[in-house]
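User: I'd like to learn how to read salt bridges and helix packing in a model. Can you walk me through it?

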Amino acid sequence: MLVETIAVSQLMPAPYNPRASLKPGDPAFEKLKRSLKEFDLVQPIVWNRQSGHVVGGHQRLEVLKHEGITAVACVVVDLDAAREKALNVALNNQELASDWDPGKLKHLIDDLCALPDFDATLTGFDAQQLRDLMFVPEPLGMDEVTREEAAPEHVTAQLEIPYLRWAAVRPHLDTLLATEPTIRLHVQLPQGCS
């Protein structure tokens, strides 16, 4: 792997890049900006010497430009146009990444949230997403009312189950509902499925 420091002015965004652009003020832009400030550029931009195009790292590059950075570390590739485009798709393709292991992610987030004086939002999850991951209900935010008086009637937990797994998961939900009669379950199947 060849890594070089290249002037930002030489890094042309690929005109075909299929990822939606981020702009200052977008929540994802601001999260990425914060991550780059905290951790620096630990994942270099991928740049093709033949075309001058950025192949991977368009969002990081936009944030760095906005912050006034004039040169960045780049992984340099030397690819023809077709292979450049294929690499761009591969680098952006969520199908090439695995899903979260929910148990491990929750455990890791729990560990980070338990650290004194550590801001777990450095993970890129905002405060609501962290509460959702840790199954913590939204705080009431009421100063004058006691928790008992203001306790919500229900906590809403939303599950998303892949349709192909529904038949296997349903008996577990039926068992839960049978043992916890106060739980209500609302099921919405994909359109055209029964």
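Predicted model: local features only at pLDDT ≥ 70, side-chain atom pairs only at ≥ 80, totals over all residues.

User: Is Lys33 buried or exposed?

Analyst: Lys33 counts as buried because its relative accessibility is 18%, and buried means under 20%. Glu30, at 31%, counts as partly exposed.

User: What other salt bridge does Lys33 form?

Analyst: Lys33 also pairs with Glu67, at 3.8 Å between the closest N and O atoms. That pair links distant parts of the chain: Lys33 is in helix H1, while Glu67 is in the loop between H2 and strand S5, 34 residues apart. Through shared partners, salt bridges join Glu30, Lys33, Lys37 and Glu67 into one network. The whole structure has seven salt bridges.

User: Now the helices. How do I describe two that pack?

Analyst: Two packed helices are described by the angle and the distance between their axes. Here, the axes of H1 (residues 27–39) and H2 (residues 58–66) come within 10 Å and cross at roughly 75°, so H1 is roughly perpendicular to H2. H1 makes the contact with Phe29, Leu32, Lys33 and Leu36, and the H2 side includes Arg60, Val63 and Leu64. By class, the contact has five nonpolar, two polar and three charged residues.

Terms used: Residues numbered from 1 in each chain as written. Heavy atoms only, no water. Axes fitted to C-alpha atoms, helices over the stretch in contact; angles between N-to-C directions. Helix = DSSP H or I, 4+ residues; strand = E, 2+ residues; numbered from the N terminus. Parallel < 35°, antiparallel > 145°, perpendicular 65-115°, else oblique. Contact = heavy atoms within 4.5 Å. Nonpolar A, V, L, I, M, F, W, Y, C, P; charged D, E, K, R; others polar. Salt bridge = Lys/Arg side-chain N within 4 Å of Asp/Glu carboxyl O. Buried < 20%, exposed > 50% of the residue type's maximum accessible area, 1.4 Å probe, protein only.
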